[in-house]
Amino acid sequence: MSAPTPAMPAETAPALSMHGIDRTFRSGKRLVPVLRGLDLKIGSGERVAVMGASGSGKSTLLHLAAGMDRPDAGQVELLGRDLGTLAEPQMTRFRARTVGLVFQDFNLIDSLSAGENIDLPLWLNGRPRKNEALDELTAALGIDELLDRLPEQLSGGEKQRVAIARALVHEPGLMLADEPTGSLDESTAADVLSLFEQITAQRGCALVLVTHNPAAAAICDRRLELRGGRLQEI
Ligand SMILES: Nc1ncnc2c1ncn2[C@@H]1O[C@H](COP(=O)(O)OP(=O)(O)O)[C@@H](O)[C@H]1O
Ligand SMILES: [Mg+2]
């Protein structure tokens, strides 16, 4: 007789596991099924590109992965924790600790300096600022000289690098990026992508990268396409 399987410790659990996910939205009287029996497993430190037509449900998938939305059916596990067991305030705290989010339009707070934007997840988590670690992160991203500037004083590529620093400052196990190079020109996008690659590898942070950009897909370990509500390898 085999011994019972012990619970998986968080550090060896998959970064993200989604199983049998259904998500349907209502549009007027019509029901629009977006995700239908979707499965996805992302190993610790693994980088995965998710591609797919506009409206195929890529952002919906990320919202569910971050616990910002709940599936109609199926299970989402983030770093070994079943999100279905967390009530809203716990979910918000858990997300703030474990996930880094990067968006196409940067989502920086206009009235805060770049440095203050980067500090936000630490404030939200009540975590101390580790100056040395922060210096290392901002130097790796090439933004250490820009921290006193307001977002409006930064280029698109600089804003996205600030947003990446903000997404990583609290050392999350999973980074979720929604078309992060969508509003950058080709050469800036290439720079930002190589930073994504380096910095997630350095930190052992898993990455789900939603993208239309073949160059973005190329920095990932696996490429998936969302079609008909499910993912397939491409
Ligand atoms: N909160 C919502 N309410 C109603 N419909 C939504 C909602 N979020 C997304 N949708 C619909 O779900 C589909 C997938 O959207 P989305 O996940 O944003 O696609 P993608 O990011 O791949 O472009 C679209 O038809 C969109 O209109
Ligand atoms: Mg989208």
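In which loop is Asn-107 found? In this predicted model, Asn-107 belongs to the loop between β6 and α3. Its phi is near 55 degrees, a positive value in a residue other than glycine. Most residues other than glycine have a negative phi. The loop between β6 (99–103) and α3 (114–125) also holds Phe-106, whose phi is likewise positive, at about 70 degrees, although Phe-106 is not a glycine.

Strand β6 belongs to an open sheet of six strands, arranged in the order β6-β7-β8-β3-β9-β10 and with mixed pairing. Its edges are formed by β6 and β10 (230–233), each of which pairs on one side only. On average, and with direction ignored, neighbouring strands of the sheet are turned by 20 degrees against each other. Helix α5 (residues 156–168) lies across β6 and β7 (174–178) and runs at about 165 degrees to β6.

Within the sheet, β7 and β8 run parallel and are joined by five bridges; here Asp-178 stands opposite Val-210 of β8. Strand β3 (residues 47–51) also pairs with β8 in the parallel sense, over four bridges, and Ala-49 stands opposite Leu-209 in β8. An antiparallel arrangement is found for β9 (residues 222–227) and β10, which are joined by four bridges. Glu-225 has Gln-232 in β10 as its bridge partner.

Strand β8 (residues 206–210) is largely enclosed by the rest of the structure, because five of its five residues are buried. Ala-206, Val-208 and Val-210 point one way from the strand, whereas Leu-207 and Leu-209 point the other way. Val-208 is also among the residues with the most contacts inside the largest nonpolar core, which has 63 residues. When neighbours within four places in sequence are left aside, the contacts of Val-208 are Leu-16, Ile-42, Val-48, Val-50, Leu-62, Ala-65 and Leu-176.

The residues around ligand 1 are Phe-25, Ser-27, Val-32, Val-34, Gly-52, Ser-54, Gly-55, Ser-56, Gly-57, Lys-58, Ser-59 and Thr-60. Two or more residues of this shell come from each of β1 (16–27), β2 (30–42) and α1 (58–65). The most is given by α1, with three residues. By class, the shell consists of eight polar residues, three nonpolar residues and one charged residue.

Key: Residues are numbered from 1 along each chain as its sequence is written. Chains are lettered from A and ligands numbered from 1 in the order in which they are written. This is a predicted model: local features need pLDDT of at least 70, side-chain atom pairs count only at pLDDT 80 or more; totals for chains, interfaces and linings use all residues. A residue is near a molecule or strand if its C-beta atom, placed from the backbone, lies within 6 Å of it. Ala, Val, Leu, Ile, Met, Phe, Trp, Tyr, Cys and Pro count as nonpolar, Asp, Glu, Lys and Arg as charged, and the others, Gly among them, as polar. A nonpolar core is a set of buried Ala, Val, Leu, Ile, Met, Phe, Trp, Tyr and Cys residues joined through C-beta atoms within 7 Å. A residue is buried if 20 or more other C-beta atoms lie within 10 Å of its own, exposed if 12 or fewer, and partly exposed in between; C-beta atoms are placed from the backbone. Two residues are in contact if their C-beta atoms, placed from the backbone, lie within 7 Å. Two strands pair if DSSP finds at least two bridges between them. Axes are lines fitted to C-alpha atoms, for helices over the stretch in contact, and angles run from 0 to 180 degrees between N-to-C directions.
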